[in-house]
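The sequence and structure come before the details.

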Amino acid sequence: MMRRSFFLWLGIYILHASVLAAAEGCKGMTFKDTFEGKALKNHVIKTEQATNDAHCESKCFIDDRCIAYSFGKDKDNQKQMCELSESDHVMHPDDLVDREDTIYRRAENNCNCQNYQVCRVNFVDDTHRCECKAGFTGNLCDQEIKPCDSTPCLNGATCINNADQFGCTCSAGFTGQVCEI
(Lines give C-alpha, C1' and ligand atoms only; values in the text may rest on other atoms or scores of the structure.)
Protein backbone atom coordinates (compact mmCIF):
# COMPACT_ATOMS: atom_id res chain seq x y z
CA MET A 1 0.00 0.00 0.00
CA MET A 2 2.82 2.37 0.89
CA ARG A 3 4.54 1.71 -2.43
CA ARG A 4 1.35 2.45 -4.37
CA SER A 5 0.93 5.70 -2.43
CA PHE A 6 4.49 6.72 -3.25
CA PHE A 7 3.95 6.19 -6.98
CA LEU A 8 0.62 8.02 -6.85
CA TRP A 9 2.26 11.07 -5.25
CA LEU A 10 5.19 10.85 -7.64
CA GLY A 11 2.79 10.83 -10.60
CA ILE A 12 0.89 13.82 -9.21
CA TYR A 13 4.16 15.70 -8.65
CA ILE A 14 5.35 15.05 -12.21
CA LEU A 15 2.00 16.08 -13.66
CA HIS A 16 1.99 19.25 -11.53
CA ALA A 17 5.57 20.11 -12.58
CA SER A 18 4.69 19.53 -16.25
CA VAL A 19 1.65 21.82 -16.03
CA LEU A 20 3.72 24.56 -14.38
CA ALA A 21 6.48 24.28 -16.98
CA ALA A 22 3.95 24.48 -19.82
CA ALA A 23 2.19 27.44 -18.21
CA GLU A 24 5.37 29.39 -17.53
CA GLY A 25 7.38 28.41 -20.60
CA CYS A 26 10.97 27.26 -20.63
CA LYS A 27 14.15 29.24 -20.87
CA GLY A 28 16.12 28.61 -24.01
CA MET A 29 19.49 30.09 -24.98
CA THR A 30 21.21 29.47 -28.32
CA PHE A 31 24.94 30.14 -28.50
CA LYS A 32 25.74 30.42 -32.23
CA ASP A 33 28.41 33.14 -32.25
CA THR A 34 31.74 31.65 -31.19
CA PHE A 35 35.08 33.45 -31.44
CA GLU A 36 38.35 31.65 -30.68
CA GLY A 37 41.11 33.78 -29.17
CA LYS A 38 38.67 36.52 -28.10
CA ALA A 39 37.09 37.78 -24.84
CA LEU A 40 34.65 40.54 -23.92
CA LYS A 41 36.01 43.16 -21.54
CA ASN A 42 34.20 45.78 -19.38
CA HIS A 43 30.97 43.79 -18.93
CA VAL A 44 31.97 40.85 -16.72
CA ILE A 45 29.51 40.28 -13.85
CA LYS A 46 31.02 37.11 -12.44
CA THR A 47 34.22 35.07 -12.79
CA GLU A 48 34.28 31.45 -11.67
CA GLN A 49 36.24 28.29 -12.30
CA ALA A 50 34.77 25.92 -14.90
CA THR A 51 35.87 22.50 -16.07
CA ASN A 52 35.14 23.06 -19.76
CA ASP A 53 33.24 25.23 -22.25
CA ALA A 54 29.94 23.40 -21.66
CA HIS A 55 30.27 23.96 -17.91
CA CYS A 56 30.80 27.68 -18.53
CA GLU A 57 27.78 27.77 -20.85
CA SER A 58 25.63 26.18 -18.14
CA LYS A 59 26.78 28.84 -15.65
CA CYS A 60 25.64 31.50 -18.14
CA PHE A 61 22.31 29.74 -18.55
CA ILE A 62 21.73 29.70 -14.78
CA ASP A 63 22.56 33.41 -14.23
CA ASP A 64 19.68 35.50 -15.62
CA ARG A 65 21.99 38.49 -16.16
CA CYS A 66 24.33 36.59 -18.50
CA ILE A 67 24.05 36.94 -22.29
CA ALA A 68 27.66 36.08 -23.22
CA TYR A 69 30.71 34.41 -21.74
CA SER A 70 34.44 33.97 -22.17
CA PHE A 71 36.12 30.70 -21.25
CA GLY A 72 39.84 30.07 -20.99
CA LYS A 73 42.87 29.92 -18.71
CA ASP A 74 43.46 32.51 -15.99
CA LYS A 75 46.34 34.99 -16.29
CA ASP A 76 48.72 32.53 -14.55
CA ASN A 77 47.70 29.84 -17.07
CA GLN A 78 46.79 27.54 -14.16
CA LYS A 79 42.97 27.33 -13.92
CA GLN A 80 40.11 27.20 -16.42
CA MET A 81 38.02 30.32 -15.81
CA CYS A 82 34.53 31.35 -16.92
CA GLU A 83 33.67 35.05 -17.24
CA LEU A 84 29.94 35.79 -17.44
CA SER A 85 28.99 39.04 -19.19
CA GLU A 86 25.84 41.15 -19.11
CA SER A 87 26.49 42.50 -22.60
CA ASP A 88 27.87 41.19 -25.88
CA HIS A 89 30.03 42.14 -28.86
CA VAL A 90 27.02 43.24 -30.90
CA MET A 91 26.18 46.05 -28.46
CA HIS A 92 29.85 46.77 -27.64
CA PRO A 93 32.04 45.74 -30.61
CA ASP A 94 35.08 47.66 -29.33
CA ASP A 95 35.08 45.57 -26.13
CA LEU A 96 35.75 42.29 -27.95
CA VAL A 97 39.52 41.91 -27.51
CA ASP A 98 42.18 39.36 -28.36
CA ARG A 99 42.96 36.86 -25.60
CA GLU A 100 45.04 33.78 -26.26
CA ASP A 101 43.52 30.35 -25.49
CA THR A 102 40.06 31.81 -24.83
CA ILE A 103 36.66 31.19 -26.39
CA TYR A 104 34.01 33.93 -26.44
CA ARG A 105 30.37 32.94 -27.03
CA ARG A 106 27.21 35.02 -27.28
CA ALA A 107 23.60 33.92 -26.81
CA GLU A 108 21.29 35.03 -29.59
CA ASN A 109 19.17 37.94 -28.35
CA ASN A 110 17.30 40.99 -29.59
CA CYS A 111 18.90 43.62 -27.32
CA ASN A 112 19.32 47.13 -28.62
CA CYS A 113 20.28 48.97 -25.43
CA GLN A 114 22.49 52.05 -25.63
CA ASN A 115 25.78 53.04 -23.93
CA TYR A 116 24.57 53.70 -20.38
CA GLN A 117 22.03 50.87 -20.37
CA VAL A 118 22.23 47.23 -19.37
CA CYS A 119 20.15 44.70 -21.28
CA ARG A 120 18.05 42.23 -19.29
CA VAL A 121 16.93 39.44 -21.62
CA ASN A 122 13.94 37.23 -20.93
CA PHE A 123 14.97 34.06 -22.76
CA VAL A 124 11.57 32.47 -22.01
CA ASP A 125 9.52 34.80 -24.20
CA ASP A 126 12.39 36.34 -26.26
CA THR A 127 11.92 39.89 -24.97
CA HIS A 128 14.23 42.31 -23.21
CA ARG A 129 14.25 45.52 -21.22
CA CYS A 130 16.95 48.14 -20.82
CA GLU A 131 17.97 49.29 -17.35
CA CYS A 132 20.08 52.33 -16.54
CA LYS A 133 23.59 51.70 -15.25
CA ALA A 134 24.36 53.15 -11.83
CA GLY A 135 24.76 56.92 -12.04
CA PHE A 136 22.41 57.44 -15.02
CA THR A 137 18.70 58.10 -15.47
CA GLY A 138 16.17 59.13 -18.15
CA ASN A 139 14.33 57.27 -20.91
CA LEU A 140 17.60 56.59 -22.76
CA CYS A 141 19.74 56.58 -19.57
CA ASP A 142 21.65 59.52 -21.03
CA GLN A 143 21.24 61.87 -18.04
CA GLU A 144 24.02 61.57 -15.49
CA ILE A 145 22.92 61.60 -11.86
CA LYS A 146 24.96 64.15 -9.95
CA PRO A 147 23.89 64.14 -6.29
CA CYS A 148 26.32 66.96 -5.54
CA ASP A 149 24.23 69.32 -7.69
CA SER A 150 21.85 69.67 -4.73
CA THR A 151 24.80 70.81 -2.53
CA PRO A 152 24.17 68.33 0.30
CA CYS A 153 27.48 68.94 2.12
CA LEU A 154 27.50 71.64 4.78
CA ASN A 155 30.00 74.05 6.34
CA GLY A 156 32.25 74.49 3.29
CA ALA A 157 32.75 70.74 2.72
CA THR A 158 33.69 69.35 -0.70
CA CYS A 159 31.12 67.06 -2.32
CA ILE A 160 32.28 64.07 -4.36
CA ASN A 161 29.92 62.39 -6.88
CA ASN A 162 30.09 58.59 -6.92
CA ALA A 163 27.61 57.09 -9.42
CA ASP A 164 24.21 57.81 -7.83
CA GLN A 165 25.64 58.52 -4.36
CA PHE A 166 27.81 61.25 -2.88
CA GLY A 167 30.44 61.67 -0.23
CA CYS A 168 31.55 64.73 1.72
CA THR A 169 35.11 65.73 2.59
CA CYS A 170 34.66 67.90 5.66
CA SER A 171 36.50 71.14 6.36
CA ALA A 172 38.70 71.22 9.46
CA GLY A 173 36.64 71.07 12.67
CA PHE A 174 33.55 69.42 11.14
CA THR A 175 32.39 65.78 10.97
CA GLY A 176 29.26 63.76 10.15
CA GLN A 177 27.79 62.34 6.98
CA VAL A 178 27.24 65.81 5.50
CA CYS A 179 29.67 67.63 7.83
CA GLU A 180 26.82 68.86 10.03
CA ILE A 181 28.62 68.31 13.36
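The lining of the largest cavity has four nonpolar, five polar and two charged residues by class. In this classification Ala, Val, Leu, Ile, Met, Phe, Trp, Tyr, Cys and Pro are nonpolar, Asp, Glu, Lys and Arg are charged, and the others, Gly among them, are polar. The lining residues are His43, Glu86, Ser87, Met91, His92, Cys113, Gln114, Gln117, Val118, Cys119 and Lys133. About 50 Å³ of space lies in this cavity, and the structure holds one cavity of 30 Å³ or more. A cavity is a set of points on a 1 Å grid over the protein atoms alone where a 1.4 Å probe fits but cannot get out, and lining residues have an atom within 4 Å of a point. Grid points are joined across faces, edges and corners, and the volume is the space filled by probe spheres set on the points.

The model is predicted: local features need pLDDT of at least 70, side-chain atom pairs count only at pLDDT 80 or more, and totals for chains, interfaces and linings use all residues. Residues are numbered from 1 along each chain as its sequence is written, and side-chain values use heavy atoms, with hydrogens and water left out.

The chain has two helices and 11 strands, in the order α-β-β-α-β-β-β-β-β-β-β-β-β from the N terminus. Helices (H or I, at least four residues) and strands (E, at least two) are DSSP runs, numbered from the N terminus. Of the 181 residues in the chain, 30% are buried; buried means under 20% relative accessible area, exposed over 50% and partly exposed in between, with a 1.4 Å probe and protein chains only.

The structure holds two aromatic pairs. Rings of Phe, Tyr and Trp (its six-membered ring) pair if their centres lie within 6.5 Å; planes under 30 degrees apart count as stacked, over 60 as edge-to-face and the rest as tilted.

| Pair | Centre to centre | Angle between planes | Class |
|---|---|---|---|
| Phe31 and Tyr69 | 5.4 Å | 65 degrees | edge-to-face |
| Phe35 and Tyr104 | 5.9 Å | 35 degrees | tilted |

Phe31 in strand β1 (residues 31–40) and Tyr69 in strand β3 (residues 68–73) are 38 residues apart, and their pair links distant parts of the chain. Both Phe31 and Tyr69 are buried. The other pair also links distant parts of the chain, with Phe35 in strand β1 and Tyr104 in strand β5 (residues 96–107), 69 residues apart. Phe35 is partly exposed at 29% relative accessibility, whereas Tyr104 is buried at 0%.

A further ring contact involves a charge. The charged end of Lys27 sits over the ring of Phe61, 4.9 Å from its centre; the criterion is NZ of Lys or CZ of Arg within 6 Å of the ring centre and within 35 degrees of the ring normal.

Most residues other than glycine have a negative phi. Asn42, not a glycine, has a positive phi of about 75 degrees. Asn42 is in the loop between β1 and β2 (44–49) and is exposed, with a relative accessible area of 59%. Cys179 also has a positive phi, near 65 degrees. Cys179 lies in the segment after β11 (165–169) and is buried at 0% relative accessibility.

Key. On a 1 Å grid over the protein atoms alone, a cavity is a set of points where a 1.4 Å probe fits but cannot get out, and a pocket is an open set with protein on both sides within 12 Å along at least five of seven lines; lining residues have an atom within 4 Å of a point.
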